[in-house]
Amino acid sequence: MPRRRKDGRKTQIVVVGGGAGGLELVAKLGGHLPREDFDIILVDRNATHIWKPLLHEVAAGSLDANLDEVGYRGHAFRWGYRYFDGALESIDRDAQEVVVAPILDDDGSEVIGRHRIRYDFLVLAVGSVSNDFGTPGVKAHCLSLDTRADADRFRRRLLNQCLRVSRSMTQNSGADAYARVAIVGGGATGVELAAELYSAATALGFYGLEVFDEKRLQVTLIEAGPRILPALPEKLAAAATAELEALGVRVLTGTQVISASADGIETKSGEHIPADIMVWAAGVKGADFLSGIGGLETTRNNQLLVGPTLQTTRDPNIFAIGDCASYTPGEDGTPIPPRAQAAHQMAATAYQNLRALIDNKPLRDFVYQDKGSLVSLARYTTVGSLMGNLVGGRMAIEGRLARLVYTSLYRMHLIAIHGWLKGLSLVLVGHVNQVVRPKLKLH
Ligand SMILES: Cc1cc2nc3c(=O)[nH]c(=O)nc-3n(C[C@H](O)[C@H](O)[C@H](O)COP(=O)(O)OP(=O)(O)OC[C@H]3O[C@@H](n4cnc5c(N)ncnc54)[C@H](O)[C@@H]3O)c2cc1C
């Protein structure tokens with residue numbers, strides 16, 4: 001395709017979803033393609049971006065998302081793309097347009113009606129949502145950690161419950177007053193949240209809840225599989241279990257949840273686990289609106305099927321990257337996992353392949369390089385395994401080294417979306433904030 005179209009219009013590349021993958025992609029496209037020939041457009045339903053793997057810290061209050069979030073408008077100005085606020089509703093492939101839902105004011109009145117944005121190339125990077133597998137009561141009673149709003153909602157509920165407990169302890173004995181949290185799903189999200197909650201609870205006493213301490217927190221982590229952290233070697237999962245149990249977490253494995261109600265979780269074995277707050281973190285799927293969107297091929301989990309070049313199977317002008325894409329490279333049927341490092345790598349391949357399409361050059365296949373998995377147990381420890389040439393296969397790591405590698409994933413994201421200078425400056429600012437700011441966000 002020529003850089004400018006025959007009709008003289010600029011070539012328009014639309015990226016929907018400015019998350020771990022999409023925001024890195026628009027920064028690359030905007031930073032490298034000449035503005036006189038290309039119009040790069042990011043569509044996101046939120047005005048700001050927060051890196052999703054930080055959400056458990058936002059939920060526990062140990063991270064103030066206001067300090068880490070990136071406003072799309074300012075970012076777009078810096079990187080030479082345009083930002084449109086709005087949620088993707090559908091795709092009209094014949095007209096090569098995406099349809100964006102009306103934008104509503106806080107009081108529900110329409111700011112901008114349903115509108116269409118033309119594309120020559122489209123990249124879908126809308127991430128994933130929690131998969132409740134249709135379990136009764138989950139939608140009504142459990143929180144998820146899909147968005148910043150979810151994390152904020154969790155934090156407010158947790159704080160209110162801690163306040164209730166604290167009040168009951170000062171007014172009467174409060175012997176049976178606890179903040180009870182049930183987390184369903186023993187993957188990285190559930191494990192990280194459980195540990196982060198204890199870390200936050202130990203600090204609450206310094207911030208006005210004098211009589212509250214971590215002994216008043218009761219966290220139950222419920223996993224259907226035989227052990228937590230199935231993506232990590234057994235030895236590390238055992239170490240994480242021991243660490244969580246030492247903190248006070250009740251770790252239940254081989255326990256299937258059959259329903260949730262206002263006051264707790266029911267298991268298949270007949271146990272009722274009472275809880276004030278319930279979190280569902282037992283797997284992800286594509287959002288419902290993706291199912292068959294624009295006639296594209298999607299999986300049962302609403303993910304868009306893509307081939308090796310990350311182009312969707314039915315339309316070479318539409319790519320999908322990150323959690324919303326389903327790509328199974330090998331013969332063994334194992335799809336690329338929904339992870340930040342996969343979204344980061346897919347953004348790099350999508351960028352190269354978009355350029356190749358524009359320049360009429362051959363596209364390259366996406367090769368996933370699994371760098372390993374790391375799980376942070378708040379300030380207590382980090383466990384994980386590293387993969388690759390550097391360590392010659394898979395190596396289990398724990399403690400400070402693991403923490404260093406864990407934090408480097410976020411640093412890489414900062415550098416990818418801000419460039420080296422600003423990215424590294426923000427890393428420094430993060431360190432300064434840790435010293436000068438309160439350890440907890442309590443509002
Ligand atoms: C608590 C938690 C901890 C995690 N920890 C790790 C970890 O340690 N390591 C790791 O590798 N992965 C981790 N993950 C997974 C990781 O966050 C995701 O795999 C990654 O963010 C996926 O990137 P993405 O670009 O596909 O989607 P996202 O980063 O989720 O971005 C999707 C974007 O699309 C936008 N969007 C959604 N729907 C629409 C719509 N209809 N219209 C317009 N915009 C839309 C959203 O607003 C968002 O900006 C964690 C996830 C969670 C929740």
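Ala182 has Thr220 as its bridge partner in S14. This is a predicted model, where local features need pLDDT of at least 70 and side-chain atom pairs count only at pLDDT 80 or more, while totals for chains, interfaces and linings use all residues. Residues are numbered from 1 along each chain as its sequence is written, and side-chain values use heavy atoms, with hydrogens and water left out.

Back to the strands. S13, residues 179-184, and S14, residues 217-222, run parallel and are joined by six bridges. Strands here are DSSP runs of E, at least two residues, and helices are runs of H or I, at least four residues, numbered from the N terminus. Two strands count as paired if DSSP finds at least two bridges between them.

S13 also runs parallel to strand S19, residues 277-280, with four bridges joining them. Is S13 mostly covered or mostly open? Five of its six residues are buried, meaning under 20% relative accessible area, with exposed over 50% and partly exposed in between, for a 1.4 Å probe and protein chains only.

Next, the open sheet. Three strands form it in the order S16-S17-S18, with antiparallel pairing. The edge strands, each pairing on one side only, are S16 at 257-261 and S18 at 272-274. From one strand to the next the twist averages 20°; axes are lines fitted to C-alpha atoms, for helices over the stretch in contact, and angles run from 0 to 180 degrees between N-to-C directions. S16 pairs with S17, residues 264-267, over four bridges. In that pairing, Ser261 has Gly264 as its bridge partner in S17.

Last, cavities. A cavity is a set of points on a 1 Å grid over the protein atoms alone where a 1.4 Å probe fits but cannot get out, and lining residues have an atom within 4 Å of a point. Three cavities of 30 Å³ or more are counted.

Which residues line the second largest cavity? They are Ala20, Glu24, Trp51, Ala340, Gln341, His344, Leu409, Met412 and His413. Helix H9 (340-358) and helix H10 (399-418) are the elements giving two or more residues to this lining. Why does the second largest cavity lie between domain 1 and domain 3? Domain 1 (11-128 + 286-358) and domain 3 (372-436) both give residues to its lining, so the cavity lies between them. The domain bounds come from an automatic or database domain assignment.

Conventions: 1 Å grid on protein atoms, 1.4 Å probe; cavity = no way out; pocket = protein on both sides within 12 Å on 5 of 7 lines; lining within 4 Å. Points joined across faces, edges and corners; volume = space filled by probe spheres on them.
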